[in-house]
Amino acid sequence: TESRIANLENLQNAGTVVLGIKDSQKDIFSKEYRQALTAIHHIVQESKLEAKRYTSKQKNGWMDPCVDPCADPETYQNITLHRIHTMVSFIGGRGTGKTSAMLTVLRQLQTLRCSKELEASLQPLASITFICLEPIDTGILQSGEDIIAIVLARMFNYLQQITNGNNLRARYQEELRSLYREFDKLYQNLCRLRKGGGHFLEGESALRGLQNLASSHSTAREFKDLVSHLLIYIKTLNGGEKDQYLVIALDDIDMYGENTSQNCYTLLEEIFDYLSFPGIIVLTTYNENLLKRNCSNHLREKFFEGKKSNDCSVPEQKEVKTLVQQFLEKLILEEYRVYMPVLNRIDVSNRVGIGIRLDNTRDPELCDMFEDLKEDIKQDNDLVVPVKQFLLRIIAARTNVYFDSRGKKRHFFEPNSMRDLSVFWRMLETLEPVTSKDGAA
């Protein structure tokens, strides 16, 4: 078993920890970062393959009614919208570091083009520009807030940021106005769809209402077209050298919504409907057990009249479980799932497991506490101390209380998650060493 090493400097941060490419290579989650970037590389390759299949006779995957399909049958292999798997998920319980990992990968995507530490297999990513929108914490959204509308708003804000104050040429200005019209139309149709569709103003032609109704049911195609148009426009502004990809980060999707019309199941459906097209990459975080439970609640409400799990028969429970499993397998590829390590499941012997990296320059006093172990725990210019030894020796130094003299079993002070380790270490830092006066009292 390979050791996992946490940097002491990162444990001192109470919130999320966002690292650059160089620092992430020595981080405890280095494997997860590499796995996520590899998954993104696969998505980019799939997007490029899908772009090659596109032909001028086929609009967004739908047959052009003005062209005879028999003239070129291969052009019409698929009459549905072309969707690909675009979601990379960071999965783990609370405090396992999934949000920090997602935000670190998000930062890496923004700086890949100027990095010299990238692995050879991931070098193609450096030739791509990733447009990273501001992350969305879905767990704190209020009831009624629409994820796709929020994504649309952040796309629009990004467009304004890169165009405001720039003296655009006439052709760029015309394209910009065209993009504005597409944003306007899509948002109107999205609002119409959310309100049920089929409503038109007094005096409006019924045929006009029918046309609008058709548009409301094709918002996914309109969203795909808008993203494609936006990326091409940005690429043109940047000189047309690098391909552009839109990156959308959704945190805690398992906590989204609180009713039958808006919950994590409907959110996953919207990700599939709107965000599963070439040119888009979606990063998400969630607790898998909670996500499955909330999806099960939605399906029981839909098919079994809102029965609670205990009220369902065994066949019904099995059916719901199977439906959830199939649904998640359809949306999230196994190779795109990044599982965060659970510390209490990792081998905790002295040779492998969780270690704490101490910097001789930054932490000289702590390093001196492990002087007797330096021969065994020295790595390059740093010391890597097993987490159990590290915590128990610090406790002994600060409190004169000694635990686990034999050191053969897992100790209750050993953390279950990165958050537990960070909180415990910051608490130990505040303790002052016991004095003789304290001992006498």
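## Basis of the model

The model is predicted, so local features need pLDDT of at least 70 and side-chain atom pairs count only at pLDDT 80 or more, while totals for chains, interfaces and linings use all residues. Residues are numbered from 1 along each chain as its sequence is written, and side-chain values use heavy atoms, with hydrogens and water left out.

Helices (H or I, at least four residues) and strands (E, at least two) are DSSP runs, numbered from the N terminus. Buried means under 20% relative accessible area, exposed means over 50%, and partly exposed lies in between (1.4 Å probe, protein chains only).

## Nonpolar cores

A nonpolar core is a set of buried Ala, Val, Leu, Ile, Met, Phe, Trp, Tyr and Cys residues joined through side-chain atoms within 4.5 Å. In soluble globular proteins, nonpolar side chains tend to be buried together.

The largest nonpolar core has 60 residues, and the members that touch the most others are Ile40, Phe130, Leu283, Leu358 and Phe390. Helix α3 (residues 30–53) supplies the largest share of this core, seven residues. A second, separate core holds 55 residues, among them Leu176, Phe223, Tyr265 and Leu275.

Contact means heavy atoms within 4.5 Å. Leaving aside residues up to four places away in sequence, Phe390 touches Leu8, Ile356, Leu358, Phe370, Val385 and Trp425.

Strand β14 (residues 382–386) is mostly covered, with five of its five residues buried. Asp382, Val384 and Pro386 point one way from β14, Leu383 and Val385 point the other way, and all are buried.

Two strands pair if DSSP finds at least two bridges between them. Strand β12 (residues 354–359) pairs with β14 in the antiparallel sense over five bridges. In β14, Leu383 is the residue that stands opposite Leu358.

## Helices α9 and α10

Helix α9 (residues 264–274) packs against helix α10 (residues 288–303) at an angle of about 95°, and their axes are 8 Å apart. Axes are lines fitted to C-alpha atoms, for helices over the stretch in contact, and angles run from 0 to 180 degrees between N-to-C directions. Angles under 35 degrees count as roughly parallel, over 145 as roughly antiparallel, 65 to 115 as roughly perpendicular and the rest as oblique. α9 and α10 are therefore roughly perpendicular to each other.

On the α9 side, the contact is made by Cys264, Tyr265, Thr266 and Leu268. On the α10 side it is made by Leu291, Asn294, Cys295, His298 and Leu299.

## Glu50 in helix α3

Glu50 lies in helix α3 and is buried, with a relative accessible area of 10%. Not counting residues up to four places away in sequence, Glu50 touches His82, Ile84 and Pro278.

## Salt bridges

A salt bridge is a side-chain nitrogen of Lys or Arg within 4 Å of a carboxyl oxygen of Asp or Glu. By this rule the count is eight salt bridges. One of them joins the side chains of Asp252 and Arg94 (3.7 Å, N to O). This pair links distant parts of the chain, 158 residues apart: Asp252 is in the loop between β7 (243–251) and β8 (257–259), and Arg94 is in the loop between β4 (87–91) and α4 (98–111). Asp252 is buried, at 16% relative accessible area, whereas Arg94 is partly exposed, at 39%.

Asp243 and Lys235 also meet in a salt bridge (3.0 Å, N to O). Asp243 is partly exposed at 29% relative accessible area, and Lys235 is partly exposed at 25%. Another salt bridge is formed by the side chains of Arg337 and Glu334 (3.7 Å, N to O), and Arg337 is buried, with a relative accessible area of 5%. Salt bridges that share partners join Arg94, Asp252 and Asp254 into one network.
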